[in-house]
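Biologist: Before we discuss charges and strands, could you put the model on the screen, so that we can go through it step by step?

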Amino acid sequence: MVVIRLARGGSKKRPFYSIVATDKRNRRDSNFIERIGYFNPKAAEAEQAMRVAQDRLSYWTGVGAQISPTVKRLIKDHPAV
């Protein structure tokens, strides 16, 4: 099953997350099918904290991908991205 979830990047104490579509059996930061967007929890005010390609998100949910609870919450908290 395909799931849309976060994959951690960045360095120690400076997290940066990619929002990816991946197989549920893969590890968190392992192979992914497509990178849909990103989330930067340490973004400065001038930087964009989150970006999601809405067309790709709707495509993946249309073909049956499940959205993780964390990504669902982030999309709800940042509606205009």
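**Charges and strands**

Modeller: Let us start with Lys13, which counts as exposed at a relative accessibility of 67%. Please keep in mind that this is a predicted model.

Biologist: Where does Lys13 sit, and what is its phi in the turn?

Modeller: Lys13 is placed in the loop between strand S1 (2–11) and strand S2 (14–23). These two strands form a hairpin with two residues between them, and in that turn Lys13 has a positive phi of about 70 degrees.

Biologist: Which residues form a positive surface patch?

Modeller: Lys13 is exposed because its relative accessibility of 67% is over the 50% cut-off, and it is one of the residues of this patch. The positive surface patch is formed by Lys12, Lys13, Arg14 and Lys42.

Biologist: How many bridges join S1 to S2, and how many join S2 to S3?

Modeller: S1 and S2 run antiparallel, and within this pairing Arg8 has Tyr17 of S2 as its bridge partner, while Val2 stands opposite Asp23 of S2. On the other pairing of S2, which is also antiparallel, Tyr17 stands opposite Phe39 in S3. The counts are ten bridges for S1 with S2 and five bridges for S2 with S3.

Biologist: Is S2 mostly covered or mostly open, and how many of its residues are buried?

Modeller: S2 has bridges to S1 and bridges to S3, and its residues can be sorted by whether their relative accessible area is under 20%. By that criterion S2 is mostly covered, and the number of buried residues is seven of ten.

Biologist: Which residue of S5 does Val3 stand opposite?

Modeller: S1 also pairs with strand S5 (residues 66–67), and here the two strands run parallel, with two bridges joining them. Within S5, the residue opposite Val3 is Gln66.

Biologist: What is the relative accessible area of Asp23, and with which residue does Asp23 form a salt bridge?

Modeller: Side chains of opposite charge can pair when their charged atoms come close. The closest N and O atoms of Asp23 and its partner are 2.9 Å apart, and the partner counts as exposed at 72% relative accessibility. Asp23 itself is buried because its value lies under the 20% cut-off. The relative accessible area of Asp23 is 19%, and its salt-bridge partner is Arg25.

Biologist: How many salt bridges does the structure hold, and which pair links distant parts of the chain?

Modeller: The structure holds three salt bridges, one of them between Arg28 and Asp29 at 2.9 Å from N to O, where Arg28 is partly exposed at 49% and Asp29 is partly exposed at 42%. Another salt bridge joins the side chains of Glu34 and Arg56, with 2.8 Å from N to O. This pair spans 22 residues, from strand S3 (residues 34–39) to helix H1 (residues 54–62), and Arg56 is partly exposed with a relative accessible area of 29%. The count is thus three, and the pair that links distant parts of the chain is Glu34 and Arg56.

Terms used: Residues are numbered from 1 along each chain as its sequence is written. This is a predicted model: local features need pLDDT of at least 70, side-chain atom pairs count only at pLDDT 80 or more; totals for chains, interfaces and linings use all residues. Side-chain values use heavy atoms; hydrogens and water are left out. A salt bridge is a side-chain nitrogen of Lys or Arg within 4 Å of a carboxyl oxygen of Asp or Glu. Buried means under 20% relative accessible area, exposed over 50%, partly exposed in between (1.4 Å probe, protein chains only). Helices (H or I, at least four residues) and strands (E, at least two) are DSSP runs, numbered from the N terminus. Patches are made of residues with over 30% relative accessible area and no salt bridge: like charges are joined within 9 Å, nonpolar side chains (Val, Leu, Ile, Met, Phe, Trp, Tyr) within 5 Å. Accessible areas come from the Shrake-Rupley method with a 1.4 Å probe; for residues, only the protein chains shown count as cover. Lys and Arg count as positive and Asp and Glu as negative; His and the chain ends are not counted. The place of a charge is taken as NZ of Lys, CZ of Arg, CG of Asp or CD of Glu. Two strands pair if DSSP finds at least two bridges between them.
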